[in-house]
Amino acid sequence: MLEEDLKKEELLSYFHTILLRDIMGRYKLRNYDILLILVEYLLKNDTNQNNIHSISKALSIRYETTHDYIDYLKQVYFFFEVRNFHYSLKKQLVSDIKFYALDTGFVNSVAFSFSENIGRLYENVVCNALIRKGRQIFFFRDATHECDFIVKEGNKITKAVQVC
């Protein structure tokens, strides 16, 4: 077996252990298949704008189940949630969300893909770096403009980061 295959096998083992022990066991869930499908979907679509309603509809999973499972995944730091920046908190709360994986190795080893999509991985790495530094981050997208990350410190926007 090649070293790359061994690394992928080890990542998959960690992946399933996290799902079984940290999520299924901790939250006393019964349906591993639903959790697995949801996680694979989020890994495949990380860095893309989503909302819980569209995810539940795409996967034919009840909205409440999708919401709860995503919340569990965030609580164990499997995914980070980044919201679209608006000055209005109401608009911010109803806008789309981007999910970022804490471990990009899972993105490459678990999510089905025809290509590596290096841009998504770079964006995910930058997100993780900003979060590790304790930054409050958002993305920004309106009808005419888009920015990968908006960094807010206190009441001020201090940085805009475009990953390329």
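This note goes through the helices, strands, aromatic pairs and cysteines of a predicted model.

1. Basis. The model is predicted, so residues are numbered from 1 along each chain as its sequence is written, local features need pLDDT of at least 70, side-chain atom pairs count only at pLDDT 80 or more, and totals for chains, interfaces and linings use all residues. Side-chain values use heavy atoms, with hydrogens and water left out.

2. Helix 1. Helices (H or I, at least four residues) and strands (E, at least two) are DSSP runs, numbered from the N terminus. Helix 1 covers residues 3-27, 25 residues in total, and reaches 35 Å from its first C-alpha to its last. That is close to the 36 Å expected at 1.5 Å a residue, where the expected span is 1.5 Å times one less than the number of residues. Phe 15, Leu 19, Ile 23, Met 24 and Tyr 27 of helix 1 are buried; buried means under 20% relative accessible area, exposed over 50%, and partly exposed in between (1.4 Å probe, protein chains only). The cover over these buried residues includes helix 2, helix 4 and helix 6, with contact meaning heavy atoms within 4.5 Å. Lys 28 follows helix 1 and has a positive phi, near 55 degrees.

3. Helix 7. This helix (residues 118-132) has 15 residues, and its reach of 21 Å from first to last C-alpha is close to the expected 21 Å. Its buried residues are Arg 120, Leu 121, Glu 123, Asn 124, Cys 127, Asn 128 and Leu 130. They are covered by elements including helix 2 (32-44), strand 2, strand 3 (97-101), helix 6, strand 4 and strand 5. Just after helix 7, Gly 134 has a positive phi of about 80 degrees.

4. Arg 120. Which residues does Arg 120 touch, not counting those up to four places away in sequence? They are Leu 43, Lys 44, Asp 46, Thr 47 and Val 107. Arg 120 lies in helix 7 and has a relative accessible area of 13%, so it counts as buried.

5. Two strands pair if DSSP finds at least two bridges between them; strand 1 and strand 3 have two, in the antiparallel sense. Asn 50 has Ile 97, in strand 3, as its bridge partner.

6. Strand 4 (residues 136-141) and strand 5 (residues 146-153) are paired antiparallel over five bridges. Gln 136 is opposite Lys 152 in strand 5.

7. Aromatic pairs. Rings of Phe, Tyr and Trp (its six-membered ring) pair if their centres lie within 6.5 Å; planes under 30 degrees apart count as stacked, over 60 as edge-to-face and the rest as tilted. Ten aromatic pairs are counted by this rule. Tyr 77 and Phe 80 form a tilted pair because their planes are at 50 degrees, with the ring centres 6.4 Å apart. Tyr 77 is exposed at 52% relative accessibility, whereas Phe 80 is buried at 15%.

8. Phe 78 and Phe 106. These two rings are stacked, 5.3 Å centre to centre with 0 degrees between the planes. The pair links distant parts of the chain, 28 residues apart: Phe 78 is in the loop between helix 4 (63-75) and strand 2 (79-83), and Phe 106 is in helix 6 (residues 104-110). Phe 78 is buried, with a relative accessible area of 4%, and Phe 106 is buried, with 6%. Ring pairs also link Phe 15, Phe 78, Phe 79 and Phe 106 into a cluster.

9. Lysine over a ring. The charged end of Lys 98 sits over the ring of Phe 139, 4.8 Å from its centre. The criterion is NZ of Lys or CZ of Arg within 6 Å of the ring centre and within 35 degrees of the ring normal.

10. Cysteines. There are zero disulfides in the structure, a disulfide being a pair of cysteine sulfur atoms within 2.5 Å. For Cys 127, the nearest cysteine sulfur is that of Cys 147, 13 Å away. Cys 127 is buried, at 0% relative accessibility. For Cys 164, the nearest cysteine sulfur is also that of Cys 147, at 10 Å. Cys 164 is exposed, with a relative accessible area of 91%.
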